[in-house]
Amino acid sequence: MPGPDDGLWSIGELAERAGVTVKTVRFYSDRGLLPETARSAGGHRRYGSGALDRLGLIRSLRALDLPLPEVRRVVEDEAWDGGAGVVLEDAVAARLGRLGQQLAALRWREAGLRLVQDCPPRERADRLRLIAAVAAPPSTDALARFWRAWLPPRMPAGATAAFLEHAVPQPPGDPAPAQVLAFARLHALVTGPCPAARPCQPAAHGADARSRAAVLYAGLIEAYGLAAEPLRNGRAPYAGAALDCFVAAYAAAYGTGDGTGFRRRLRDRLSADPRFDRYWELVAEVAGPRDGRPAVTPGTAHDWLLAALDADVERAA
């Protein structure tokens, strides 16, 4: 179709040239995305030849499901030169982020549905309740609140954040049904009440100094990291750098030095502390196995180090 003699298109000519309906052209024009160049003597809209390229760009952006406000920002970007606009780059990145969240939600819902579908009929009601209490994709806010309430109240924010990074598992992007179930059970566990029959705070949280809590948990994180390798390799607990780091963290928190007597008292004290075995079991299930072996969590590392401490104390006795 040849261009118009006066260089201006009517709304019908532009629609025909672009392969769209007049209604589509009017829609974008009414929203200011496709401004008219002039009006005819009869008051009809007229568009310049550049409107065809602009309409093509609008349609391409809408085909990517970009919302109209983002489309407006792209077409009005003065830096646009056929694809190099920074606004377009930002809009596409934002859309990819939203799509990623939607896909993650769909994967969690699919795994949850399979979980209900494949379980025995008598278990379906309980599983439905568990899954319904967790968003898709799930949030870790409840887990973080659980630990913030459990950690020393005057612990510095940076130390708290560092510990939460290790203690709060991130939901997998493409979960198996068993991982969805484990996360739902984890959520139910941390939102339930602390059993009245046992204390909910370890003795180490009684340290008065604000700085001691930070020293304790920074040292524990380091010790757990040192214990991870022997744990993955299936080594039995033993005295070494990981145990020394573990003991040093508690010694600093209590304002004392390391030694045989301290290690014996620490062993007895830690044995009496509240335990979160079920929490760490579920964390390992959420994480899933690595190289065919269970995930190493702060809980499994703590138990390994406590066993190493017990063996060290018995050997020194």
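Modeller: Start with L96, which counts as exposed because its relative accessibility is 56% and the cut-off for exposed is over 50%. Keep in mind that this is a predicted model.

Colleague: Where is L96 found?

Modeller: L96 sits in helix α5, which covers residues 86-118.

Colleague: Next, helix α9. How many residues does α9 have, and what span is expected?

Modeller: The expected span is 1.5 Å times one less than the number of residues. Helix α9, residues 177-191, has 15 residues, and 21 Å is expected. From first C-alpha to last, α9 reaches 21 Å, close to that value.

Colleague: Which residues of α9 are buried?

Modeller: Buried means under 20% relative accessible area. In α9 the buried residues are Q179, V180, L181, A182, F183, A184, L186, H187 and V190.

Colleague: What covers the buried residues of α9?

Modeller: The cover includes α5, the helix that holds L96. It also includes α6 (124-132), α7 (141-150) and α13 (277-287).

Colleague: Now the strands. How do strands of a sheet pair?

Modeller: They pair through backbone hydrogen bonds, in either a parallel or an antiparallel way. Here an open sheet of three strands runs in the order β1-β3-β2, and the pairing is antiparallel. The edge strands, β1 (8-10) and β2 (38-39), each pair on one side only.

Colleague: Over how many bridges do β2 and β3 pair?

Modeller: Two bridges join β2 to β3, residues 45-48, in the antiparallel sense. R39 stands opposite R45 of β3.

Definitions and conventions: Residues numbered from 1 in each chain as written. Predicted model: local features only at pLDDT ≥ 70, side-chain atom pairs only at ≥ 80, totals over all residues. Heavy atoms only, no water. Helix = DSSP H or I, 4+ residues; strand = E, 2+ residues; numbered from the N terminus. Buried < 20%, exposed > 50% of the residue type's maximum accessible area, 1.4 Å probe, protein only. Contact = heavy atoms within 4.5 Å. Pairing = 2+ DSSP bridges.
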